[in-house]
Amino acid sequence: MLIQRLRIAQLRNIEQAELNLRRINLLCGPNGSGKTSVLEAVYVLGSGRSFRSARLDPVIRYDADSCTVFASVTPGGPDPVPVAIGVSRERDGSFSGRIQGQAVRNSAELALRLPLQLINSSTFDLIEGGPKVRRQFLDWGVFHVEHEFHRFWMDVHRCLRQRNALLRRDRIRAVELAAWDNRLTAGAQRLHELRERYFERFRPVFQQTLRELLQVDDLELGYSRGWDTSRELGEVLQEQLERDRERGFTHSGPHRADIRVRLRGKNAAEVLSRGQQKLVVAAMKLAQGRVFMAESGRGCVFLIDDLPAELDRKHRQQLCGLLDAMQCQILLSCVDAEELRDCWDGVARQQIQLFHVEHGVIRPIEEGNGGTHG
Ligand SMILES: Nc1ncnc2c1ncn2[C@@H]1O[C@H](COP(=O)(O)OP(=O)(O)O)[C@@H](O)[C@H]1O
Ligand SMILES: [Mg+2]
C-alpha cells in the first residue's frame, strides 16, 4: 500500500501542503516546525482521530474553521488503481470522510483503507502503560485480519454500556439484566475467540522479530481474555453482580483483555531497561505489520515520530533495515536528516524522499540540491 499524494490544509501550523510521497519519506526540520503534524494528518485520515489529543478540535489551525486531509492511495496487493480518500473536520464538531467521492459511515471504513502503524514516544509505553493500550494494539491486528471483529466489538460495547446503565439504577429488572448478560456473554465469547486466534498467529512472528532486534531469552507474551478462563462470562457476571452494582460498572469481560509481557515470571516493565522495552515494543509493532502483510497481502504504512530521540544509532539502523525489508511505506520524522543517514544504505535513491519542514512549510529536497539542510 502506498500513499502517493498527500494534501493537508489548515492542520496545526500547516496552512497548505502538498507532498508527493515515495516509499521512504524523511521529514526533517527544527522543533515545532510541523513534522509531527504531517504524521498526525495521515493518522487523522486513517482513523478519524489524532494521536496527540483526545479531540480533533486542537488539530484545526488556530484561525481556520476546518482542516482537511486528502490522499491518493494505491491499495497494493492485486489492486493497482489509486483510491482517493479525504477527511475534513469543522470547528463546530462535524467530521466527514470520503472514499472515492462516497461518504464514509464510520472511521472503521477509513482504517480498512489506510492501515497505519504508529511508533512514537507514547507507543513506547506499551509495556509500562495500562492494559488499554495493549488491548488496542491487539485489536488493531484482529480488526484488520478478522472481518467479523468490528461488528462483535461494537455489539459487545453496546451491551456493556447498557448493562452499566442498568447497574446504576436503584431497581433492576432481572429479565432485562439477563437479556443483556446473555447477549454480552455470546458476543464476548466470539470476540475472545477472534482475539485468541489472532494472538496465536502473532506470537511466533513476534518472537522471531524480537530475536532480530534484541537478545533477551525467556520473554513471553500471553493473552488474557478479561475473565476467568475456566468459566463462561455469564456465570462470572452473576457471581460478581453485587460488586458490579456497588461500583456501577462491569468488572469482568472482554473490555478487560490484555497482553501480558513477562520475563521469567515477572512483569517485563519491572525487569527490562527502558531501552530494552523500546526494542520489545518495536518488535511488537513490526511483527504486527508482518502478520498483517502475510494475512492480507498488503503492507501497512508506518508513521514513526522522532526515531533518533527514542533509539540509539545501532538500533535505529536495525529497525530501519527490518522496515525496509518489509517494503512498507514509511513516514519518519527527525530533527536532523544526518541522524538517519546510514539507515537506508541499501535502498535505491529514487525510493527515498527527503522533506525539509519549517514554520509549517514542507519542501521536498532533491539529491545534490543543498543536501539535508536545504
Ligand atoms: N491548532 C494549531 N494551529 C496553529 N498552530 C498550532 C496548532 N497546534 C499546534 N500548533 C503549533 O504548530 C507547531 C506544530 O509542531 P509539531 O508538528 O509538533 O512540530 P515538530 O514535530 O516539527 O516539532 C508547533 O509550533 C505548535 O505550537
Ligand atoms: Mg514532533
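Me: If helices (H or I, at least four residues) and strands (E, at least two) are DSSP runs, numbered from the N terminus, where is Q327 found?

Reply: Q327 is in the loop that joins α11 (313–326) to β13 (330–334). This is a predicted model, in which local features need pLDDT of at least 70 and side-chain atom pairs count only at pLDDT 80 or more, while totals for chains, interfaces and linings use all residues. Residues are numbered from 1 along each chain as its sequence is written, chains are lettered from A and ligands numbered from 1 in the order written, and side-chain values use heavy atoms, without hydrogens or water.

Me: What is phi of Q327 near?

Reply: Most residues other than glycine have a negative phi. Phi of Q327 is positive, near 60°. Q10, also not a glycine, has a positive phi of about 60°, but Q10 belongs to strand β1 (residues 2–11).

Me: Which residues come nearest to ligand 1?

Reply: A residue counts as near if one of its heavy atoms lies within 4 Å. Ligand 1 has 15 residues around it, and the nearest are G32, K35, T36, S37 and R52. By class, this shell holds 4 nonpolar, 7 polar and 4 charged residues; Ala, Val, Leu, Ile, Met, Phe, Trp, Tyr, Cys and Pro are nonpolar, Asp, Glu, Lys and Arg charged, and the others, Gly among them, polar.

Me: How many Å separate a polar side-chain atom of K35 from an oxygen atom of ligand 1?

Reply: A polar contact is a pair of N or O atoms within 3.5 Å. For K35, the polar side-chain atom is 2.7 Å from a ligand 1 oxygen. Backbone atoms take part too: a polar one of G32 lies 2.6 Å from an oxygen atom of ligand 1, and a polar one of S33 lies 3.2 Å from an oxygen atom of ligand 1.

Me: Which residues lie nearest the centre of the largest pocket?

Reply: On a 1 Å grid over the protein atoms alone, a pocket is an open set of points where a 1.4 Å probe fits, with protein on both sides within 12 Å along at least five of seven lines; lining residues have an atom within 4 Å of a point. Here 43 residues line the largest pocket, with Y43, R49, Q136, F137 and W140 nearest its centre. Elements giving two or more residues to the lining include α1 (35–47), α3 (131–145) and α9 (274–296). The largest share, 9 residues, comes from α3. The lining divides into 17 nonpolar, 17 polar and 9 charged residues.

Me: Why does the largest pocket lie between domain 1 and domain 2?

Reply: Domain bounds come from an automatic or database assignment. The pocket lies between domain 1 (1–115 + 299–374) and domain 2 (129–297) because both give residues to its lining.

Key:
A polar contact is a pair of N or O atoms within 3.5 Å; within protein, one must be able to donate a hydrogen and the other to accept it, and residues adjacent in sequence count only if both atoms are side-chain atoms.
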